[in-house]
Amino acid sequence: MVDPNPLLPVSIPPYIPLPDDTLVARRRPIKVYLLIVSGLLAIALFVALIGYGGSDNVQPRGNEGGSLASSSKQPDRLRPLSRGPAAGVSEKANQQFADIGRLRSFPWNNSMLSWQRPAFHFQPEKNWMNDPNGPLFYKGWYHFFYQYNPNGAIWGDIVWGHAVSRDLIHWLHLPLAMVPDQWYDLNGVWTGSATILPDGQIVMLYTGSTNESVQVQNLAYPADPSDPLLINWVKYSGNPVLVPPPGIHPKDFRDPTTAWLTSEGKWRIVIGSKINKTGIALVYDTRDFKNYERLDGLLHGVPGTGMWECVDFYPVSRTEENGLDTSINGLEVKHVVKASLDQDKHDYYAIGTYHEKNSTWIPDNPKIDVGIGVRYDYGMFYASKTFYDPDKGRRILWGWIGESDSEFADVQKGWASIQSIPRTILLDKKTGTHLLQWPVEEVESLRLSSNEFDEVEVKAGSVMKLAVGSATQLDIIAEFEIDKKALDKAPESNATFSCSSSGGAAERGALGPFGVSVLADETLSEQTPVYFYIVKGHGGSLKTHFCSDQSRSSEATDVNKHIYGSSVPVQHGEKLSLRILVDHSIVETFAQGGRTCIASRVYPTKAIYGAARLFLFNNATDVSITASLKIWQMNSAFIRPYPNDKN
């Protein structure tokens, strides 16, 4: 339900931008920034060395006898150090440890750090990356823009990086698309979206952080529309085209969506914001992308969800197995509203009905509204953005996957963050409440040799090594069946279960956990189990959970080791199924055809290179399972500078 008085704080005055000739703030030279960053890192390193010698109360997680049992002592959970709010934007930083004196800094060597770099997930050649921006398909090329720091492996100095691909897998880096060189984006060229008009013109709207750190919306377009690579971009001379309206804080107005065409011939966009603690989506109409009319009311809002970042709005078909252009509407269409919640750094979505006449959207089920219900991904996945691919008639989802190691390690390796494998996205017609996310079909072109394991029986409490060779780059598809007689005999329980608060794969129950352990060493002292856990309730009802357990993924102490997951709907007659993409330090998992997804970062110290192994396990107490798997070794993608790039 929307806050009944969403615009109460009218004491916030409208923003009046300073004209160009009144600038008092200029970008510091890069050398000055480097000196400042070097000094801060030197101080932090000194503090770290002091803390290293004085803290031995936290030890790496152990593993007795290479079993799934976990040690009783766990390292403290690493807390994020917020950097962004002072700049008027979310923290946009990896989850680093705040109190370094309490944790030992692991002695990473170059071999370990080099192994962490993915082989087929997109990332720039070096430095920091975050939000995906303005993805589009144009003249035979997929274009991907992204938030990028050209000066280091931490957040700051944000510009737009740019890369192109023919197939969404192999990428060519191009020169920077846009940099902060105007008063209206002097403190950062932030997130934006592309709209392709019926005549083929491209319109790019993006948020700029002004010289006063006020968030405004700006217009840019290609300098040469005949250039399929869209290398050069022009910023509109009349920028900004939108400033924070009355009642909206100047630092809570960002991330314009792709525009969609209304029946009146106007283009409509949404911008994320908040009023008090209510996350909201503001609605604007325009005919020329230069002049805008703010519509009364809101597209939607949800109390208690805080600032909505990177709002996305798009249609999904109720009948077809293909994606839809953003402007499509009708009886056979549902609409998705997605928001990235600044307060918990997760992406939530809900499915509902869009009413064009009064520019509102109503969720089908208010109990699972935006921010309080279903997420795209239950691991590390944020600031996501979809676009319609007219070449193959599909909607594609990008998401930023950050780091969960220390910032010192990121600086040492010289890069931070990756993008997810692009995912197709469809309405799950069986549930009506979920979307189905699946890696784009092009990733299958990287498959090399395969191994099949058909109907392998795994008894309760057993672990089996799968002979697949090195297990650093894999595509795994697996199905599981439970012994039906044992399932019927299993006791009913009123106990509740949560992946994140459980003991991970080491916590045994009557009907789980069972699944696959990836990035494991030979003795299982390091392992990342991906698994199902079933709870049998009163009346024989079954509730299935899908989890990814990082608690024993690494012997390093300066990384986060969460247990991710959620319940996953399983329809009558469906087998339990999962797909896992393993790419060095990134593990992306998809359960039940993509109803529930988990992306996680893993930083093993031993289960790397040729020492990485793969195991099948069943840690349930009462049932055997039958597993069938097909596992491919994966080739590396070609991600390199464009050959004609003279820069």
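Are Arg552 and Asp549 buried or exposed? Both residues are buried, where buried means under 20% relative accessible area, exposed means over 50%, and partly exposed lies in between (1.4 Å probe, protein chains only). Their side chains also meet in a salt bridge, with N to O at 3.0 Å. A salt bridge here is a side-chain nitrogen of Lys or Arg within 4 Å of a carboxyl oxygen of Asp or Glu.

The model is predicted, so local features need pLDDT of at least 70 and side-chain atom pairs count only at pLDDT 80 or more, while totals for chains, interfaces and linings use all residues. Residues are numbered from 1 along each chain as its sequence is written, and side-chain values use heavy atoms, with hydrogens and water left out.

The protein has 4 helices and 37 strands. These are DSSP runs numbered from the N terminus: helices are H or I with at least four residues, strands are E with at least two. Of the 647 residues, 59% are buried. Among contacts with a separation of 6 or more, 66% come from residues 24 or more positions apart; contact means heavy atoms within 4.5 Å.

Salt bridges number 37 in the structure. Side chains of opposite charge can pair when their charged atoms come close. Asp475 takes part in two of the pairings described here. With Arg447, the closest N and O atoms are 3.0 Å apart. This pair links distant parts of the chain, as Asp475 is in strand 27 (residues 473–482) and Arg447 in strand 25 (residues 447–458), 28 residues apart. Asp475 and Arg447 are buried. With Arg579, the N to O distance is 2.7 Å. Arg579 is in strand 32 (residues 576–583), 104 residues from Asp475 in strand 27. Arg579 is buried as well. Elsewhere, salt bridges that share partners join Asp389, Lys392, Arg394, Glu441 and Glu442 into one network.

How many disulfides are there? The count is 1, taking a disulfide as a pair of cysteine sulfur atoms within 2.5 Å. The disulfide joins Cys499 to Cys547, with S to S at 2.0 Å. The link is left-handed, at -65° about the S-S bond. Cys499 lies in the loop between helix 4 (484–489) and strand 28 (511–520), and Cys547 in strand 30 (residues 542–549), so the pair ties together parts that are 48 residues apart in sequence. Cys499 counts as buried at 3% relative accessibility, and Cys547 is buried at 0%.
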